[in-house]
Amino acid sequence: MNKRLNQPGPLLTSIIHTIFILFTVLCILPVLLVISISLSSESDIINNGFRLIPSKISFDAFKVVFSNPMQILNSYLITILVAGLGIIFGLLINSMIAYALSRKDYPYRKQLSFFVIFTMLFNGGLVPWYLVISKLNLPNTIWVLILPYLANAWYIIILRTFFKTIPIAIIESAKIDGSNEFKTFIKIILPLSKPGLATVGLFILLMYWNDWWLAMLYIDQEKLIPLQYLLSRMMSNIEFLSKNMYMAPGTLDLSNFPNETARMAMCILAAGPMLFVFPFFQKYFVRGLTIGSIKG
């Protein structure tokens with residue numbers, strides 16, 4: 001009886017569904033527009049503006065972006081390697097710190113909590129950071145793209161909050177059965193924390209996938225350039241060419257050189273793989289976020 005009273009009526013249900021459908025359309029439209037622009041010709045964009053359905057399909061933008069396909073492929077592999085190693089080591093380090101903070105019987109919990117929260121408010125600054133990394137001979141290595149982001153205070157707090165929801169009786173039962181702390185953490189705590197780990201894992205994946213700043217600071221070798229930094233450089237080159245067309249020789253026609261279309265093509269290359277990855281995390285994502293939001 002109470003359930004029926006709490007259920008919204010047909011009119012309210014229809015209104016709610018309409019609002020969410022409109023919101024979904026508003027979210028999907030920019031993605032479709034980006035795909036449409038990337039498949040349009042530059043002259044079509046100049047003459048007709050942005051359109052959801054291009055008057056003529058053109059792959060000129062992708063031809064420009066893939067003018068050096070081996071470089072694109074190598075940058076993809078570097079980014080995948082960095083993101084893969086970053087997720088593995090990032091989850092391991094953040095979860096171990098978070099687990100220690102979640103245990104009330106850990107003697108240095110307050111000191112460690114202060115150290116973690118302090119880094120959310122203050123950091124050493126760019127120059128000391130650069131000097132430390134240079135002293136460790138990390139520039140121009142794959143590790144300079146991974147190590148600086150391994151520990152994150154926000155991820156530690158999310159995981160600590162999640163670990164607090166696990167009953168202490170489970171841990172004590174494992175102790176009685178002879179399990180040590182590390183074995184309990186690996187074989188009991190981590191399997192029970194899949195939603196929290198998946199949520200933080202997605203955050204870590206997006207952070208490594210979208211990062212180009214570390215490569216700009218520390219990478220000079222072409223073979224170690226990740227995808228986002230490569231696309232950023234290509235976009236800068238295209239912008240430079242488009243602004244200095246008047247300097248081109250008279251025999252060189254740059255009027256049809258892809259500018260906006262190439263930018264949208266690079267957006268697809270940069271964000272496309274993440275659109276396919278997200279559904280695998282979606283199962284745990286909402287649960288991991290909501291559990292972390294209601295516990296202090």
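This is a predicted model: local features need pLDDT of at least 70, side-chain atom pairs count only at pLDDT 80 or more; totals for chains, interfaces and linings use all residues.
A polar contact here is a pair of N or O atoms within 3.5 Å; within protein, one must be able to donate a hydrogen and the other to accept it, and residues adjacent in sequence count only if both atoms are side-chain atoms.

Residues are numbered from 1 along each chain as its sequence is written, and side-chain values use heavy atoms, with hydrogens and water left out.

**The whole chain**

Start with a cartoon view. You will find 14 helices and 0 strands; helices (H or I, at least four residues) and strands (E, at least two) are DSSP runs, numbered from the N terminus. Of the 296 residues, 37% count as buried, where buried means under 20% relative accessible area, exposed over 50% and partly exposed in between (1.4 Å probe, protein chains only). Take contact to mean heavy atoms within 4.5 Å. Among contacts between residues at least 6 apart in sequence, 74% join residues at least 24 apart.

**Annotated spans**

Next, colour the stretches that UniProt, in an unreviewed entry, labels "transmembrane region": 12–39, 76–100, 112–130, 142–163, 184–209 and 262–281. UniProt positions are given in the numbering used here, feature names are shortened, and annotations may be inferred rather than shown by experiment. Select residues 12–39: this span is 96% helix and 0% strand, with its end C-alpha atoms 41 Å apart. Then try 112–130, which is 79% helix and 0% strand and has 25 Å between its end C-alpha atoms.

**Ser38**

Now select Ser38, in helix 2 (residues 10–38). Ser38 is buried, because its relative accessibility is 0%. Its side chain reaches the backbone oxygen of Ile35 at 2.7 Å. Beyond four places in sequence, Ser38 touches Ser58, Ala61, Phe62, Thr261, Met264, Ala265 and Ile268.

**The largest nonpolar core**

A nonpolar core is a set of buried Ala, Val, Leu, Ile, Met, Phe, Trp, Tyr and Cys residues joined through side-chain atoms within 4.5 Å. The largest one has 59 residues, and Leu145, Phe163, Ile204 and Tyr208 have the most contacts inside it. Among the helices that each supply at least two residues of this core are helix 8 (153–164), helix 11 (194–210) and helix 14 (260–294). Helix 5 gives the most, with 10 residues.

Zoom in on Phe163. Leaving out residues up to four places away in sequence, Phe163 touches Ser95, Ala98, Tyr99, Ser102, Phe185, Ile189 and Ser193. Show the rings too: ring pairs link Tyr99, Phe163 and Phe185 into a cluster. The structure holds 11 aromatic pairs, meaning rings of Phe, Tyr and Trp (its six-membered ring) whose centres lie within 6.5 Å.

**Tyr155**

Move along helix 8 to Tyr155. Is Tyr155 buried or exposed? Tyr155 is buried, since its relative accessible area is 8%. Val200 is 45 residues from Tyr155 along the chain, yet their C-alpha atoms are separated by 6.2 Å.

**Two cysteines**

Finish with Cys27 and Cys267. Cys27 is partly exposed, at 43% relative accessibility, and Cys267 is also partly exposed, at 35%. The structure holds 0 disulfides, a disulfide being a pair of cysteine sulfur atoms within 2.5 Å.

Terms used: Rings of Phe, Tyr and Trp (its six-membered ring) pair if their centres lie within 6.5 Å; planes under 30 degrees apart count as stacked, over 60 as edge-to-face and the rest as tilted.
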